[in-house]
Amino acid sequence: MKINPYAPEPVLMLTDYYLRKKDVTSALRIVSNALKVGNKNNIMLKMAKMKILLDSGNLEAAKDFYDEFSSNDINEEIVKGVNGRIYFLEKNYSEAMPLLQNFY
């Protein structure tokens, strides 16, 4: 990451390492820093950050990041699925289920 801050692969590998150790805070820090440094528009890193936020139940941070996440050229079904997961975490199941059916 120090040699080439624009390469997403080391970021994803290190994030995976921290997630396997159940260190969500470090994984989120690595991805967030990479998005600030040289990968502001990297879709893979944005998807990884959103997945970490949703999987860890960090609803407020996921909602804050949603606009930045959905403003990219990401598949519409993925954006709907993420929106469904946000509704699910809010316990708004009637809104979540139609969005999640297509996602899964």
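Asp55 and Lys51 meet in a salt bridge whose closest N and O atoms lie 2.5 Å apart, a salt bridge being a side-chain nitrogen of Lys or Arg within 4 Å of a carboxyl oxygen of Asp or Glu. The structure is a predicted model, in which local features need pLDDT of at least 70 and side-chain atom pairs count only at pLDDT 80 or more, whereas totals for chains, interfaces and linings use all residues. Residues are numbered from 1 along each chain as its sequence is written, and side-chain values use heavy atoms, with hydrogens and water left out.

**Salt bridges**

Because Asp55 and Lys51 are four residues apart in helix H3 (residues 43-55), about one helical turn separates them. Helices here are DSSP runs of H or I with at least four residues, numbered from the N terminus. Asp55 also forms a salt bridge with Arg85, the closest N and O atoms being 2.7 Å apart. This second pair links distant parts of the chain, with Asp55 in helix H3 and Arg85 in helix H5 (residues 76-89), 30 residues apart.

| Salt bridge | N to O distance |
|---|---|
| Asp55 and Lys51 | 2.5 Å |
| Asp55 and Arg85 | 2.7 Å |

In general, side chains of opposite charge can pair when their charged atoms come close.

Residues are called buried under 20% relative accessible area, exposed over 50% and partly exposed in between, for a 1.4 Å probe and protein chains only. Asp55 is partly exposed at 45%, and Lys51 counts as partly exposed at 48%.

The axes of helix H1 (residues 8-20) and helix H2 (residues 24-37) come within 7 Å and cross at roughly 165 degrees. Axes are lines fitted to C-alpha atoms, for helices over the stretch in contact, with angles running from 0 to 180 degrees between N-to-C directions. The crossing angle therefore makes H1 roughly antiparallel to H2, a description applied to angles over 145 degrees.

The loop between H1 and H2 holds Lys22. Lys22 has a positive phi of about 65 degrees although it is not a glycine, and at 71% relative accessibility it counts as exposed. Lys91 is placed in the loop between H5 and H6. Phi of Lys91 is near 65 degrees, again a positive value in a residue other than glycine, and Lys91 is exposed, with a relative accessible area of 61%.

**Nonpolar surface patch**

Phe88, Tyr93 and Met97 make a nonpolar surface patch of about 300 Å². Patches are made of residues with over 30% relative accessible area and no salt bridge, with nonpolar side chains (Val, Leu, Ile, Met, Phe, Trp, Tyr) joined within 5 Å and like charges within 9 Å. Accessible areas come from the Shrake-Rupley method with a 1.4 Å probe, and for residues only the protein chains shown count as cover. Met97 lies in helix H6 (residues 93-103) and is partly exposed, with a relative accessible area of 43%.

Methods. Helix = DSSP H or I, 4+ residues; strand = E, 2+ residues; numbered from the N terminus. Parallel < 35°, antiparallel > 145°, perpendicular 65-115°, else oblique.
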